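Trainee: I would like to learn how to read contacts, cores and helix packing in a model. Where do we start?

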Amino acid sequence: MKKIIIPLIIVTVAVVAIVMYNSNRSSSKNSDSQVAGTANQTSVIKIDGSSTVFPITEGVAEEYQKENAGIKVTVGLSGTGGGFKKFCNGEIDISDASRPIKSSEAEACQKAGIEYIELPIAYDGLAILVNPENTWAKEITVAELKKLWEPEAQNKITKWNQIRTDWPNEEIHLFGPGVDSGTFDYFTGEIVGEEGKSRGDYTASEDDNVLVQGVATDKNALGYFGVAYYTQNQDKMKLVAVNDEDETNGTGAVLPNYDEVVKGTYQPLSRPIFIYVSIKALTKPEIKSFVDFYLANAGTMSKEVGYIALPDDVYSLVTERFKNNKKGSVYAADTEKGVTIKELLEKEQ
Amino acid sequence: MGKTTLPTVSFHFKEKVIEASFFFCSSLCIFINVAIIAILVYESYGFFQQVSIVEFLTGTEWTPFFYEKHYGILPLFAGTFLTTIIAIAIALPIGLISAVYLSEYSGTRFRTIVKPLLEMIAAVPTVVYGYFALLFVTPMLQNIFPNLASFNALSPGIVMGIMIIPLIASLSEDAIHAVPLMLREGAYALGATRLQVVRRVLIPAAYSGIASSVILGISRAIGETMIVAIAAGGQPRLTLDPTVPIQTITAYIVQVGLGDAPAGTIEYQTIFVVGASLFVVTFLLNTVSYLLRKRFQHAYE
């Protein structure tokens with residue numbers, strides 16, 4: 001009898017551990033849905049959409065809630081597409097978007113009778129960076145970036161001269177954000193052609209300071225970051241100009257400095273980001289006051305979280321647009337590449 | 001008189017409760033270990049439902065989060081192996097020489113001062129070692145090897161070696177010190193020099209103790225997390241080149257732990273399966289070390 005007791009205790013402990021472990025996991029899932037359930041009872045502003053816009057919206061929401069106790073702002077991150085789906089179903093008041101609304105999405109909104117105002121709030125930009133001692137890589141084409149970062153490059157493209165023959169026969173050390181990052185989605189979407197499609201053999205970190213450290217001290221490094229991280233570490237890294245081989249939006253290779261981003265010529269690695277506000281939701285006074293607050297703070301907040309603020313005159317145009325209840329999007333299917341937000345907004349007026 | 005009239009039933013009951021609580025405390029550690037193993041096995045089982053064990057053990061690419069998913073643990077093992085070898089290459093000679101010096105050459109006063117100081121190195125938090133490797137050792141090494149990447153296996157390996165020196169020095173010193181005086185005196189009587197005594201008598205006699213300390217050091221290096229997570233990079237790669245970024249098993253677990261892999265997915269299960277692999281390796285090493293130490297204890301009793 002005694003011989004059985006010890007194995008019996010061990011098995012019991014093991015089973016109890018697994019059962020408790022599983023119940024912990026499922027209860028943490030339940031608590032998420034409870035938050036969503038109780039959220040309807042107080043005055044709530046519901047926002048969802050792009051994970052890229054999330055940091056700005058989240059920052060603004062936090063500040064707003066500090067000043068307006070009793071109003072709750074929930075910010076989700078279902079992605080731009082997921083956000084628009086909910087938005088056109090009337091489930092949320094504001095949709096965060098890292099691109100203009102697509103015509104298919106606009107149709108869905110129209111069918112459901114959802115009207116909206118489109119408000120650009122900042123620019124998102126990515127920089128390609130190398131070590132200051134790197135004397136060869138001054139510019140790179142989008143095709144070369146694709147060759148370097150696509151999944152097929154994994155364990156195959158490992159040296160600089162495999163990208164351009166006059167670059168050195170040395171190993172290339174790649175640095176980039178991890179898969180949870182919006183920057184990762186944006187880069188892979190624009191460069192490789194499908195969001196999330198990337199090689200995996202690079203130093204991936206969600207902590208941008210690790211990436212800065214990596215590129216700043218490694219002669220053979222190449223990395224991509226949000227532009228803001230370069231601005232804070234200009235002496236440690238060197239920008240690589242990007243050539244999209246499309247002459248309609250700026251000729252040759254372009255550096256991601258403020259002017260080029262605002263002009264819309266640093267393509268495809270810069271883009272305006274938006275919020276879409278439902279007209280129906282604007283009947284609630286707290287939504288109007290929140291959007292006013294958002295537009296007043298978007299510039300500071302976007303800089304704070306690492307994006308590029310719109311020029312001040314563009315913010316006034318955007319505020320004007322909101323005040324005048326201008327419905328719909330300024331982007332049409334035939335909108336040319338390289339047109340600035342300012343031109344689009346002015347044309348509309 | 002009053003004391004002896006305590007009812008015997010209550011007395012026995014008290015005794016039982018105390019005994020049970022002692023049993024509980026002493027076995028708590030074992031229970032926790034059993035629980036950990038159970039969860040590792042449970043999640044690993046889920047993982048191996050989807051990935052064959054052959055692919056896991058022999059695959060040469062580790063990219064569970066990327067577009068082309070590969071689940072070969074070899075790159076992570078290579079990273080762990082590489083940093084561990086470097087650490088031991090540093091810690092074994094320095095640790096052993098320190099042990100010999102402290103035990104045979106230095107005076108008693110020196111020894112009573114230096115040994116606790118040496119053990120204090122072990123009290124430095126590993127996160128401090130990590131940044132020491134990244135921000136001090138790596139730039140220093142880059143002056144010597146200009147091609148050294150900023151994240152590499154060499155610098156954290158060396159720093160891990162420094163961290164393990166006291167462990168090896170202290171345990172080996174105990175082993176050498178414990179060699180009976182008789183053996184030493186016998187050797188000296190035959191006209192052997194001090195170095196000859198150390199090389200031909202003491203080290204062979206204390207061999208199992210020294211080997212056990214080295215194996216404990218190896219298992220410490222394999223399980224070390226913070227230093228490699230900070231200074232070795234985050235790129236699983238199958239290489240033995242110490243100058244390029246690599247990733248160890250432990251650093252991978254940290255990386256995934258910091259991200260948001262949803263529970264129940266295969267990405268989430270990977271941290272348990274590599275954790276289980278790590279556990280198996282350190283468990284085997286610790287067992288070997290234990291057996292060696294047991295032999296060393298028996299030898300001269």
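Mentor: Two residues are in contact if their C-beta atoms, placed from the backbone, lie within 7 Å. Keep in mind that this is a predicted model.

Trainee: Leaving aside neighbours within four places in sequence, which residues is N155(A) in contact with?

Mentor: N155(A) is in contact with D201(A) of its chain and with E61(B). N155(A) sits in the loop between α5 (142-149) and β6 (173-176) of chain A.

Trainee: Is N155(A) buried, partly exposed or exposed?

Mentor: A residue is buried if 20 or more other C-beta atoms lie within 10 Å of its own, and exposed if 12 or fewer do. N155(A) has 15 within 10 Å, so it is partly exposed.

Trainee: How should I read a nonpolar core?

Mentor: In soluble globular proteins, nonpolar side chains tend to be buried together. Here the largest nonpolar core has 90 residues, and A122(A), L129(A), I275(A), Y276(A) and V277(A) have the most contacts inside it. Strand β4 (residues 116-130) of chain A gives the largest share of this core, 11 residues. A second, separate core of 68 residues includes W62(B), A99(B), I246(B) and I271(B).

Trainee: Which residues does V277(A) contact, leaving aside its neighbours within four places in sequence?

Mentor: They are I94(A), Y116(A), I117(A), L119(A), L282(A) and V291(A).

Trainee: And how are two packed helices described?

Mentor: By the angle between their axes and the distance between the axes. Helix α10 (residues 285-304) and helix α11 (residues 312-323) of chain A pack at about 175°, with axes 10 Å apart. Angles over 145 degrees count as roughly antiparallel, and α10(A) and α11(A) are therefore roughly antiparallel to each other.

Trainee: Which residues make that contact?

Mentor: From α10(A), V291(A), L295(A), A298(A) and G299(A); from α11(A), Y315(A), V318(A), T319(A) and F322(A). Six of the contact residues are nonpolar, two are polar and none is charged.

Trainee: What can be said of chain B as a whole?

Mentor: Chain B has 12 helices and zero strands. Its radius of gyration is 24 Å, whereas a compact globule of 301 residues would be near 19 Å. The C-alpha trace of chain B spans about 70 × 70 × 35 Å along its principal axes. Buried residues are 40% of the 301 in chain B. Of the contacts in chain B between residues at least 6 apart in sequence, 73% join residues at least 24 apart.

Definitions and conventions
Residues are numbered from 1 along each chain as its sequence is written. Chains are lettered from A and ligands numbered from 1 in the order in which they are written. This is a predicted model: local features need pLDDT of at least 70, side-chain atom pairs count only at pLDDT 80 or more; totals for chains, interfaces and linings use all residues. A nonpolar core is a set of buried Ala, Val, Leu, Ile, Met, Phe, Trp, Tyr and Cys residues joined through C-beta atoms within 7 Å. Helices (H or I, at least four residues) and strands (E, at least two) are DSSP runs, numbered from the N terminus. Axes are lines fitted to C-alpha atoms, for helices over the stretch in contact, and angles run from 0 to 180 degrees between N-to-C directions. Angles under 35 degrees count as roughly parallel, over 145 as roughly antiparallel, 65 to 115 as roughly perpendicular and the rest as oblique. Ala, Val, Leu, Ile, Met, Phe, Trp, Tyr, Cys and Pro count as nonpolar, Asp, Glu, Lys and Arg as charged, and the others, Gly among them, as polar. The radius of gyration is taken over C-alpha atoms; the globule rule is 2.2 Å times the number of residues to the power 0.38.
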